[in-house]
Amino acid sequence: MVRLGFFLNILFAWLLLIVLSYLTINVIASITIPDGYIFKLIEAIVKALSVAILLALWLYTWRRISKLYFEKLLKGRVSVSSF
Amino acid sequence: MGFEIGLIYATILSLASSFLATLIATPRIAEFNKRRGIVGVDYHKPGRPEIPEMGGLSMLIGLSISSMVILVLYPSSFWYTLSFILTVLSVGCVGVVDDLLGLGARVKPLLTFIAGLVPVLLNIPAYPKIYEGYLSVPFGRIRITILYNLLLPIGIAVSSNTMNMCDPVNGVMAGSSIIISLTLLLASLFTDRFYASPYIASILGCALAFYIYNRYPARVFPGDTGTLSLGAAIAYASVIGRLEFIALIAMLTQILNALFTLISLGGLIERRSISERPVRVLDDGRIVASVNPQAPITLTRMFTASRPMSEREVAYSFFILTSFSCILALITIPLIPR
């Protein structure tokens, strides 16, 4: 009933989120700047921006991959050019 | 808080009270709304019948009654319960206004965000704190004490609006909520966060009861009142149980459907102002994808692109995909440290 492509789309989004989480814990969380209120603030901003960039990358990659295989899956019946 | 006997009673009775209250209230609210002309058109049926709208009010009643039951049986959960029901009711009010007056595409997410500030404000006087600002994700925990106060209302707004966008055919929203809340209930059990189970059980109860009336052929529609408040309830119950990441994965089908729609439309556009519908209905009642390139890309449109499908088949396709994302959510549990 449901074509394999839809499962792969969800699986791919899940895998990307796991990778994103791994990078956040092991790379971004380990960013440290010397003590001091202003440095801690900078550290928090850098970390928040890094996570935001990762999320944007997640969305971009998912969009590109979705466009690629939905074009094949739907064979022009539904245009995915807006992706 | 482990498996205390009060918690087990609270879980069972919250499920039962929520189910019964919604079961009793739904047909009465449907009848009341029908008499007052609060109806919506069922586009996917030949003849396009008018069905009572805003039936989601019954789920708000169910969730309110079950919250009272939780408070009586488990008084130490006062702040959790108060914040849970006030958040759901606040988002529900946004839904009521949207159903009756119609809100703009940008106003609705903004208002649900503001409603999501309720637990942030309640966390100030709460003792013990409702949340500590830790986010449990695979491979570790992130301490975001200040940022969490911003992420929480965003999460509630995203979850409620995502649910709102994923109710394309009869029963999909209620059915998907059953699958997601069942997954969260199992997750609370496996992760030793059983203290969130009464809230998750109350969502499960009202979704189960509402599904009886909303499944194909629907006798009542949830309206934005139902979809927004159930989405908020799921999001906030996962916050109480620190199951945010699990809930995110469980809701991937709904999130991806929302992303497909938003990307294809180029941003937030109110449903009523979209001129091209993503699907059309054949004379035999089957649904087929619109070939118009201006029509939004939704999961329903992609499901029906290969061949026309009955409304039931579309609903089951959503349930299968939601079940798949829920299985992935359960697989994720061992990756998240306790």
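Are Lys45(B) and Glu311(B) buried or exposed? Both residues are buried, where buried means under 20% relative accessible area, exposed over 50%, and partly exposed in between (1.4 Å probe, protein chains only). This is a predicted model, in which local features need pLDDT of at least 70, side-chain atom pairs count only at pLDDT 80 or more, and totals for chains, interfaces and linings use all residues. Residues are numbered from 1 along each chain as its sequence is written, chains are lettered from A and ligands numbered from 1 in the order in which they are written, and side-chain values use heavy atoms, without hydrogens and water.

Side chains of opposite charge can pair when their charged atoms come close. A salt bridge is counted when a side-chain nitrogen of Lys or Arg lies within 4 Å of a carboxyl oxygen of Asp or Glu. Over all chains, the structure holds six salt bridges.

Lys45(B) and Glu311(B) form one of them, with their closest N and O atoms 2.9 Å apart. This pair links distant parts of the chain, 266 residues apart: Lys45(B) is in the loop between strand 1 (39–41) and strand 2 (50–52) of chain B, and Glu311(B) is in helix 13 (residues 311–332) of chain B. Helices (H or I, at least four residues) and strands (E, at least two) are DSSP runs, numbered from the N terminus. Lys45(B) also forms a salt bridge with Asp42(B), at 2.7 Å between the closest N and O atoms.

Another salt bridge joins Arg286(B) to Asp284(B), the closest N and O atoms being 2.8 Å apart. Arg286(B) is partly exposed at 34% relative accessibility, and Asp284(B) is partly exposed at 49%.
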